[in-house]
Amino acid sequence: MSTPEEEEANMGKVLTFLREWDRGDSRVRGRMLTAFLSRNPGRRHCDVELQLAQVSSLFLARITTWTRLTYMFGTFLGLQLKAIGIFLSASNHDQYLMEFLEDGGVLTLLDILSHSQSKEEEKVEALRLLLTISDAGRKYKEVICESHGVKAITEFLAQYTTDEPLEAAWALLESLSRGNPRYQNQVYKAMIALMTCSSPKAQQRVLHSLHTVQSKMKTAHHSIVEPLLGLLSSLHLEVQDEAINLILGLRCYEVRPLLLDGLVALLRPTKENVQHQNMQESEIIQMTGSLPVFVQQAAAAKSIRLLAEDSQEVSRELLSLGVIQRLLHAMGNREHTDAQIQASLALKHFVRSFPNIEEHVQRGIGSTLFAALMNQADTLYMNMDETQAEILLTNKVNITEVWYGDNSEG
């Protein structure tokens, strides 16, 4: 325990330190911050208290003000942010957090994210400080959101594709989505907007985050459906898997009719301005098709099967949308094997679940194809010739109400 004389001597050193800071130019302050950081390499706040005694808040205020006035020039921004981090990461940091917020610290950090002259590593450090603030509790999350933080983070995510900035920004956005009921819907809609980003890694992250956030929401916004269906065309399996998981998670929300209608439509890709009259369906497929479109077709068929396996009610809704005819069409797409496999597996499930549609399907595609479907749905494509494929592509099977019959499972 320090004696009164030692405490007085320490206070004298601290006051001298502050006077030197106030009188010094940017270079002097930069050297002082470097020395300060060297004594706190692990952001241990005990050292801050020992060094600054009763006036640590005054030093934080000076660093915050200097940062706000000079961040646009960026000369010492890295040092400034790291020094602020020592205070905000302290075990008893509530006092410093409030003081930093009152001095406009959050607005400064958000401005750094959009400042073109700031270095990438400085922006990452700013994001980490914002994360520290957000993780401190609901009132701090609200301050960030009130300062248009969600917009700033969203714009940042739309600009960057490198791992470290993306990871830091996503961690912050996900933090703002938790324990922040007042602004949860704002964060949710921002995530929906980010579904159109071009980076596969970012797409995977936003889908995963949306799944988590959506599970806490009482409603789903209709704007989620179109970009979600669009991501089924991703050539990256991890993105597809996350998209399908989110689709399954939306089955109990009011957007389900829109989602099911969209999935069924994807089973039959179309091409604007293609003259159908004098062309076979197989030729149209070749003209309209591209790999992403066929990948989307296969993913839609898989999603439909998983949804149908989970719920008889959903199965009936899909039947009412004409899913059988479109699954048969997808089965005939010899341009993409996985589309044929997924459509075959889905159709087999419907036939087994609703026995009274069996006759209609068999009559529509012939007994040979039907037998192959029921016996080996996943390898049906291997033995399909061009004539059989054309039968499937041009099928006129119309099953939308037959399930209202005597089906015991209905």
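**Cysteines, charges and helices**

Let me start with Cys197, which is buried at a relative accessible area of 15%. By buried I mean under 20% relative accessible area, by exposed over 50%, and by partly exposed anything in between, with a 1.4 Å probe and protein chains only. Before I go on, a caveat: this is a predicted model, where local features need pLDDT of at least 70 and side-chain atom pairs count only at pLDDT 80 or more, while totals for chains, interfaces and linings use all residues. On bookkeeping, residues are numbered from 1 along each chain as its sequence is written, and side-chain values use heavy atoms, with hydrogens and water left out.

As for disulfides, meaning pairs of cysteine sulfur atoms within 2.5 Å, the structure has zero.

Now the overall picture. The protein has 24 helices and zero strands. Those are DSSP runs, H or I over at least four residues for helices and E over at least two for strands, numbered from the N terminus. There are 410 residues, and 52% of them count as buried. If you take contacts, heavy atoms within 4.5 Å, between residues at least 6 apart in sequence, 73% of them join residues at least 24 apart.

On to the charges. How many salt bridges does the structure hold? There are 14, where a salt bridge is a side-chain nitrogen of Lys or Arg within 4 Å of a carboxyl oxygen of Asp or Glu.

Take Arg128 and Glu125: their side chains meet at 4.0 Å, N to O. Both sit in helix α8, residues 120-134, three residues apart, about one turn of the helix. Arg128 is partly exposed at 39%, whereas Glu125 is buried at 9%.

Glu359 and Arg363 make another such pair, with closest N and O atoms 3.2 Å apart. They share helix α22, residues 358-365, and are four residues apart, again about one turn. Glu359 is exposed, and so is Arg363. Quick reminder on the geometry: an α-helix has 3.6 residues a turn, so residues three or four places apart point the same way.

Then there's Lys201 with Asp163, at 3.3 Å between the closest N and O atoms. Lys201 lies in helix α13 (200-214) and Asp163 in helix α11 (163-177), so this pair ties together parts that are 38 residues apart in sequence. Lys201 is partly exposed at 49%, and Asp163 is partly exposed at 48%.

There's also a network: Arg138, Glu142, Glu146 and Arg182 are linked by salt bridges. Look at Glu142, which sits in helix α9 and is buried at 13%. Leaving aside neighbours within four places in sequence, Glu142 contacts Asn180, Arg182 and Tyr183.

Phi of His148 is near 65 degrees, a positive value in a residue other than glycine. In general, most residues other than glycine have a negative phi. His148 is exposed, at 59%.

Next, packing. Helix α12 (184-193) has a set of buried residues: Gln184, Val187, Tyr188, Ala190, Met191 and Ile192.

Now α15 (237-249) and α18 (291-310). Their axes come within 10 Å and cross at roughly 40 degrees. Axes here are lines fitted to C-alpha atoms, for helices over the stretch in contact, and angles run from 0 to 180 degrees between N-to-C directions. The crossing is right-handed, meaning the near helix is turned clockwise from the far one by less than a right angle. On the α15 side, the contact uses Gln240, Asp241, Ile244, Ile247 and Leu248; α18 brings Val295, Ala299, Lys302, Ser303, Leu306 and Leu307.

Last stop: Arg316, in helix α19 (312-320). Arg316 is buried, at 17%. Phe350 is 34 residues from Arg316 in sequence, and their C-alpha atoms are 9.5 Å apart.

That's my tour, thanks.
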